[in-house]
Amino acid sequence: MTLNIVHLEDEKDLAEGLAFIIQEEAPGVTLYQFASSDDVVAHIDQHWQTTDLYILDVRVPGQMNGLGVAEYIRARGSQAVIVVTSAYDPPKQEIINALQIHYFRKPWDLPDNVIEMLNLVDQ
């Protein structure tokens, strides 16, 4: 599996857990991890055309939250799979539909939810 994944997560343990699962389950994947929306937006500006999957926490430091980043990705014209994740209330169904995103509630079931996220790219 050759995928480019961007992960926005400010919780260090969860970021490390996702990186470990991806390394074990999908060694051909290139993973870029960021802890703030400002840093991930700078990456998106340069790499949005080659990113296959975005995994975005909703509540993160920076000028935008994860939903704002998802909107930014779609505004660039990207059709990549976007997963939004949060321990809080899920986004409204209208937002999920409008942005064509998937929602996963935290805490994740590792490794099952990560594998499920990876499988979304093949659909």
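**Close-up views of a helix pair and its sheet**

**View 1. The crossing of helices α2 and α3.** In this predicted model, helices α2 and α3 cross with a right-handed sense. The contact between them draws on S37, V40, V41, I44 and D45 from α2, together with V69, Y72, I73 and R76 from α3, and these residues comprise six nonpolar, one polar and two charged. Two packed helices are described by the angle between their axes and the distance between the axes. Here the axes of α2 (residues 37-47) and α3 come within 11 Å of each other and cross at roughly 10°; because angles under 35 degrees count as roughly parallel, α2 is roughly parallel to α3.

**View 2. The open sheet of five strands.** The strands follow the order β2-β1-β3-β4-β5, and their pairing is parallel. At the edges stand β2 (30-34) and β5 (102-105), each of which pairs on one side only, while the twist from one strand to the next averages 20°.

**View 3. The pairing of strands β1 and β3.** Strand β1, which covers residues 4-8, is joined to strand β3, residues 53-57, in the parallel sense over four bridges. Within this pair, H7 stands opposite I55 of β3.

**View 4. Helices α1 and α3 against the sheet.** Helix α1 (residues 12-25) packs on the sheet, where it touches β1, β2 and β3, and its direction makes about 180° with that of β2. Helix α3 (residues 66-76), for its part, lies across β1, β3 and β4 (81-86) and runs at about 155° to β3.

Key: Residues are numbered from 1 along each chain as its sequence is written. This is a predicted model: local features need pLDDT of at least 70, side-chain atom pairs count only at pLDDT 80 or more; totals for chains, interfaces and linings use all residues. Side-chain values use heavy atoms; hydrogens and water are left out. Two strands pair if DSSP finds at least two bridges between them. Helices (H or I, at least four residues) and strands (E, at least two) are DSSP runs, numbered from the N terminus. Axes are lines fitted to C-alpha atoms, for helices over the stretch in contact, and angles run from 0 to 180 degrees between N-to-C directions. Contact means heavy atoms within 4.5 Å. Angles under 35 degrees count as roughly parallel, over 145 as roughly antiparallel, 65 to 115 as roughly perpendicular and the rest as oblique. A crossing is left-handed if the near helix is turned anticlockwise from the far one by less than a right angle, and right-handed if clockwise. Ala, Val, Leu, Ile, Met, Phe, Trp, Tyr, Cys and Pro count as nonpolar, Asp, Glu, Lys and Arg as charged, and the others, Gly among them, as polar.
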